[in-house]
Each structure stands twice: as structure tokens, then as C-alpha cells.
Amino acid sequence: MANNIAFQAMGKTYKANVTTASQVITITPDSPCNQICVSNHQPTGAAGQPVYFNISSNASVTVTAPANGSPQYALVSVPTSVKVYTVPYQFSPTTPLYVAFIGEAASECYFTPGEGM
């Protein structure tokens, strides 16, 4: 369970090569946890677009970028940001986390399982 400590990685960092098409990665931590640290890295010359993502315990998770007048279930990672998100359930080596992601332009986003702030 998360507490008032610095973020502690509890598994490998996963790189997502973000495009304008929805993709899914599977995050399998080394031990049970319920948070992910998300870092949105914009390549040199990129336009600075956000990355939208959705998390699930189900491999069939999808995400759609929200548009004006068309809300979507999506978390937003703004360019050059690092933020810790709490997942609504615990994921573990036997129960992975599935992350669907999409962007308005090509970029890179990194997801690290763990605990802390």
C-alpha cells in the first residue's frame, strides 16, 4: 500500500513508443504494488503533445484521445512530466497491469511499477 515515502520502483521500467494508434503494454512488477510512475519524454523537435492512457486488469483495455464535446476514459500525461498514479487495485507478478496508450503525435512514455510519492 502506498504511503508517505519517496517512490520505490518495484519492477522494470517499460517504454511505450506512442503513436496516434491505441496500443497496449503489459506491466508485470517484481512484487505486489498499486502505483505506477509515468514519465512523458518528448523527442527532440516534438510538438509537445500529451499522452493519454487507460489502465486495467483486463488485456482488452483500450483508450481514445478525448476531443471537444467527446469525453473519454483516459488519464493524461503532459509533456516532460513525471507523475505517480495510484491504480484502483493491486497488481503483481501473477496479476499484471495492462496499459493502453495513444498520443496526438509520436512521443515516448515510460511506466514504472512501484509504491510511494
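## Stop one: a threonine out in the open

Start by selecting Thr-80, which is exposed, with a relative accessible area of 69%. That figure puts Thr-80 in the exposed class because the cut-off for exposed is over 50%. Where along the chain are you now? Thr-80 sits in the loop between strand 6 and strand 7 (82-91). Check the backbone here too: Thr-80 isn't a glycine, yet its phi is positive, at about 60°.

## Stop two: zoom out

Now show the whole chain as a cartoon, and remember that you are looking at a predicted model. How many helices and strands can you find? The chain has zero helices and nine strands, so the radius of gyration is worth a look next: at 14 Å it is close to the 13 Å that the globule rule gives for 117 residues, so the chain is as compact as a globular protein of that length. If you draw a box along the principal axes, the C-alpha atoms fill roughly 35 × 30 × 20 Å. Colour by accessibility and you'll find that 40% of the 117 residues count as buried.

Together they make an open sheet in the order 3-8-5-6, and the pairing is antiparallel. Which strands stand at the edges? They are strand 3 (23-27) and strand 6 (75-77); each has a single partner strand, so one side of each is left without a neighbour in the sheet.

For one of the residues involved, click on Ile-25: its bridge partner in strand 8 is Val-99.

## Stop four: a buried charge

For the last stop, select Glu-115, which lies in strand 9 (residues 107-115). Is Glu-115 buried or exposed? Glu-115 is buried, yet it has no salt bridge. The nearest side chain of opposite charge belongs to Lys-83, and that is 16 Å away. A salt bridge would need the charged atoms within 4 Å.

Technical notes
Residues numbered from 1 in each chain as written. Predicted model: local features only at pLDDT ≥ 70, side-chain atom pairs only at ≥ 80, totals over all residues. Heavy atoms only, no water. Pairing = 2+ DSSP bridges. Helix = DSSP H or I, 4+ residues; strand = E, 2+ residues; numbered from the N terminus. Buried < 20%, exposed > 50% of the residue type's maximum accessible area, 1.4 Å probe, protein only. Lys, Arg positive; Asp, Glu negative; His and termini not counted. Rg over C-alpha atoms; globule rule 2.2 N^0.38 Å.
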